[in-house]
Amino acid sequence: MKTLKPILRKAAHILVDVVFWLMMAGLGWLFLQVFVFTSFKIPSDSMEPALEAGDNVLVWKGIPGARLFNIFDTLNEEQVEIYRLPGIRRIRHNDVVVFNFPHPNHWGKVEMHIMKYYIKRCIGLPGDTIAIRNGFYLLNGEAGKVGNEASQERISRTDAADFAPGVYHAFPFDSVMGWNIRDFGPLYIPRKGDRITMDRTHYLLYHKLIAWEQAGEVAYRDSTVFLNNSPLESYTFQKNYYFMAGDKGENSQDSRYWGLLPEEYIVGKAWIIWKAKDPYTGKVRWKRTGKLIDNY
């Protein structure tokens, strides 16, 4: 019995050490997931050819800065205050970005849902003006600067009647403005501190963002915009916004349809395809594994 006690004591010490280091490894992994990187699986072909369904991409949170918020409230679909730590740099044109989809329930309201993510390419930054003419993006009046040019060319050659149902007409889906994916805008992308006058056009373009910022109701009646039933002649934005689009423009639910993305909803910049599998056969696509994501 005396010889057994040292063995049990040593085994107990080893078990404590193993549990301790497992806990430390778990906390380290959690720290990396919260503050440094995460993984995102591509679910569709909307980002082809840069990304294909079945690709798993590593997303750097440190580029824009990691976010802090109450995750339990988001799981209950409650809206939360989001705080962002300092990042390495700001999101740039043509960065491929993972973000929380701002319209998880319907396109008429900006909401947060922690489990619903999109991945798109950043076409427009706060302060930019975006337009589409004959299928091609114009960034601040200049062509050839952003997005997948091959897709834009295909859209330019496609007649309106030849698009799949629901593809041609675009945000804000107003018969007077008549925007579509071949002729869109110009749309100004607000940045924090920008002040606009409120008229019918600005109501159509920005009422969802104002309602989200103010946690209130925005309406248009008798040629007047109302915020919580009070007339709103002008508005100063409190947040920054972005315009996101898929590389496969003929099949991508993006800012051309649902509008602008709040900066708070950005998770991070997609960097590399760390694993690629065929979604139908499950076979590893070795040629895509380890491929850096193209920012044009």
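Two strands count as a pair if DSSP finds at least two bridges between them. In this predicted model, strands β8 and β9 meet that condition, with 2 bridges joining them in the antiparallel sense. The protein contains 5 helices and 18 strands, and 45% of its 296 residues count as buried.

**The protein as a whole**

- The accessible surface amounts to about 16100 Å², and carbon and sulfur atoms account for 57% of that area.
- Among contacts with a separation of 6 or more, 63% are between residues 24 or more positions apart.

- Strand β7 spans residues 129–133 and runs antiparallel to β8, to which 4 bridges join it.
- Within this pairing, I132 has Y137 of β8 as its bridge partner.
- The hairpin formed by β7 and β8 leaves 2 residues between the strands, and N134 in the turn has a positive phi of about 55 degrees.
- Strand β9 comprises residues 142–143, and E142 in β9 is the bridge partner of L139.
- A hairpin is also formed by β8 and β9, with 2 residues between them; N140, in its turn, has a positive phi of about 55 degrees.
- In a regular strand, side chains alternate between the two faces of the sheet.
- Strand β8, residues 136–139, has Y137 and L139 on its covered face, while F136 and L138 lie on the uncovered one.

**Helix α4**

- Helix α4 extends over residues 200–214 and bends by about 65 degrees at Y206.
- At the N-terminal end, D199 caps the helix, with a side-chain oxygen 3.3 Å from the backbone nitrogen of T201.
- Just after the helix, A215 adopts a positive phi of about 50 degrees.
- The buried residues of α4 include Y203, L204, L205 and Y206, as well as K208 and E213.

**Nonpolar cores**

- The largest nonpolar core has 56 residues, and Y206 and F243 are those with the most contacts inside it.
- Helix α4 supplies the largest share of this core, namely 7 residues.
- Neighbours within four places in sequence aside, Y206 is in contact with L187, Y188, P190, I196, F237 and L260.
- Another core, of 15 residues, lies apart from the largest one; M47, V57, V98 and V267 are among its members.

Key
Residues numbered from 1 in each chain as written. Predicted model: local features only at pLDDT ≥ 70, side-chain atom pairs only at ≥ 80, totals over all residues. Heavy atoms only, no water. Bend = angle between axes of the 7 residues up to and from the residue. Buried < 20%, exposed > 50% of the residue type's maximum accessible area, 1.4 Å probe, protein only. Polar contact = N/O pair within 3.5 Å; in protein donor to acceptor, adjacent residues only side chain to side chain. Core = buried A, V, L, I, M, F, W, Y, C linked by side-chain atoms within 4.5 Å. Contact = heavy atoms within 4.5 Å. Areas by Shrake-Rupley, 256 points an atom, 1.4 Å probe, with all protein chains shown as cover.
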